[in-house]
Amino acid sequence: MANKLISGMGLPSSIENVFAARNILTAKDALSLPEFDLMMLLDVDLHQVRLAVARISEIACPPCRTALSLLEDRARSGGHLPTRLRGLDHALRGGIPFGALTELVGPSGIGKTQFCLKLALLAALPASYGGLNGRVIYMDTESKFNSTRLIEIGRHSFPHIFLSERMAQEMAGRIIILRPSSLAELTESLQQIELIILQHDVKLVIVDSMAAIFSRENERSTSGQKQHIWRWPLSFLKSLAELSQIPIVVTNQVRSQNNDEVLHYPFQGQMNDINNSSKRVESHLIAALGIQWAHSVTIRLILEAHSGQRFIKVSKSPASPAVEFPFVVESSGISLLSDEGLEVTGSEISTIRWQGQNILVQETDSRPQC
Amino acid sequence: MSRTSKARNLDGPALKGAQTAWDMLSEEQMQRHITTGCEELDAILGGGIHCKEVTEIGGVPGIGKTQLGMQLAINVQIPVDCGGLNGKAVYIDTEGSFMAERAHQIAEGCISDLSINFVHQRKDSISCPERMEPNNFLANIFYFRICSYTEQIAAINYLEKFLEEQKDVKIVIIDSITFHFRQDFDDLALRTRVLGGMSLKLMKCAKKHSLAVVLLNQVTTKFVEGSFQLSLALGDSWSHSSTNRIILYWNGNERYAYIDKSPSLRSASAPFLVTSKGIRNVTSHCKRVRMM
């Protein structure tokens, strides 16, 4: 809509010519300027500018819909990719939603890639087995994708499909792995994906991990332009998910919080100092991609470990309260120990805990590395 | 409800559009506010979200900004008999975070609370809660999905005409005002001026159509005096664009709202809950007790 040409908007031809003469050709060109600047630039009076801007705006404005028609659309297009983790699916009202950006955050080795592999299989499965019967594009930025493990998860989760060599081949053949090594490559692949998504029946896009690409990018340029680097893929991924109505899943890493990052508002000043000093004692992790990124994802699932167990936590979701489920990683992938979610309140909703690492590391060693 | 301007029976209006302070006061007292669903929050807001004003609401991801936005889009439709405005809502979604299923759930919650609080309503009346349908609430939310800052500017310009046609709109929610501008606008000085023009138009709309404008805003980290602090996005010059500014934050394990800026309200804070039915009081049943 932003790139619509002014010449086709039915403005009076005199005004239309003035716009063209000043090289203001699209709605974006015209609307990026304050009305006063436009008046100076075009050298016409303010009233005419306002009329023209009103007309351009009316055409460039996306169509109005009612929330009811959105609801009806959602009901028609199905709407979710079930994770087959009953408790989690229930909390998310069916699973990973179509048309939205879902993020997995957690320390390395906790099971993010395991979760992604399972999702990839679920999307590839035939509809008769509850899958989406589609292709999956898996952006593997850290070379962590392991096809042996993929098949293993398949064999243990869906034995009747994966024990047949032919079916296993067909399922695995639907999962397309790309290994972009830089942001530029990722960007390029995403642009290509946009074109093929519909023709090739792509039903899921996974980027594992998003943070790795950016941290690599940051090492390259230390110019401090961090915000600029990731702004493009962010809105692109969102619009890609919405336009094609498929789920997009990205993973994010963690880093330890610096001591000077006391994140509160100035007015909270005194009262929080006490809280923070006590919290500082335990090691504190935060998501590697910062707060601006977190604003933009629709659903954030945190994978963490505390009290000697791993948990998957619904940290941000417009559809669900914050709940967490203990899980283990088995040969069939992630499985919940309980489908009853434990309610999480307060600051715990967004914190990422990583305690009792030692126990978990041993456990990790005993299963195939991926 | 009556929102016609008071007759000026002194010497007739000498200045077009002028109004005495007394008239303004009585108009203010006549004015109904849009309830947030949480009484304590309404109390610090002076009754709820005010019409004719621009209210900015900010907070960290997941604190409940979108929840509050959706709640207001539903609550503005509460019938006049039940203490509401019987209005419609415009929801300008720049982030894609509006969830129709959730709005449906909030509408159900709203209806079930109304039917508890207004049992005495006549059964044949249209505003009888038992006859309300969540789907009708959803049909009265006009939704615009914005994918670039150009579209956002266009939508706000177009509002003027849209509101002429849809006279019943009593609230315009923009969720969020920041997203595209923070991502794609390179020239910061120009950005400030474009945003300034946008906020002027929104203020004008609010006054002209006596409706509430609610701008949801993201937070960012700012380096002040040797440490990072949270602050609302878009910088200091933007902070003049809203009449009221509310910050949602975590206080221990509870969600709180804080009045950061307001010409008429004392700075205060109040706890609120995000429940499956929507935004509610922390102390439950309070509403029911008071109504009986």
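Which strand of chain B does strand S1 (residues 65–66) of chain A join, and how many bridges link them? Here's my take, bearing in mind that this is a predicted model.

1. The partner is strand S3 (residues 141–145) of chain B, and two bridges hold the pairing. The two strands run antiparallel. To find the spot, look for A:Arg65, which stands opposite B:Tyr143 in S3(B).

2. **How much the chains touch.** On the chain B side, 63 residues are in contact with 55 residues of chain A. Together the two chains bury about 5,500 Å², and 62% of that is on carbon and sulfur atoms.

3. You'll find four salt bridges between chain B and chain A. One to click on is between the side chains of A:Glu242 and B:Arg145, at 2.4 Å from N to O.

4. **Who does the touching on chain B.** Helix H6 (residues 149–165) of chain B gives the largest share of the side that touches chain A, namely ten residues. That side of chain B splits into 30 nonpolar, 20 polar and 13 charged residues.

5. **A residue inside chain A.** Take A:Thr102, which sits in strand S4 (residues 101–105) of chain A. A:Thr102 counts as buried because its relative accessibility is 1%, and the cut-off is under 20%. Its contacts beyond four places in sequence include A:Ile96, A:Pro97, A:Val250 and A:Leu301.

Definitions and conventions:
Residues numbered from 1 in each chain as written. Chains lettered and ligands numbered in written order. Predicted model: local features only at pLDDT ≥ 70, side-chain atom pairs only at ≥ 80, totals over all residues. Heavy atoms only, no water. Contact = heavy atoms within 4.5 Å. Buried area = accessible area lost by both parts, 1.4 Å probe. Helix = DSSP H or I, 4+ residues; strand = E, 2+ residues; numbered from the N terminus. Nonpolar A, V, L, I, M, F, W, Y, C, P; charged D, E, K, R; others polar. Pairing = 2+ DSSP bridges. Buried < 20%, exposed > 50% of the residue type's maximum accessible area, 1.4 Å probe, protein only.
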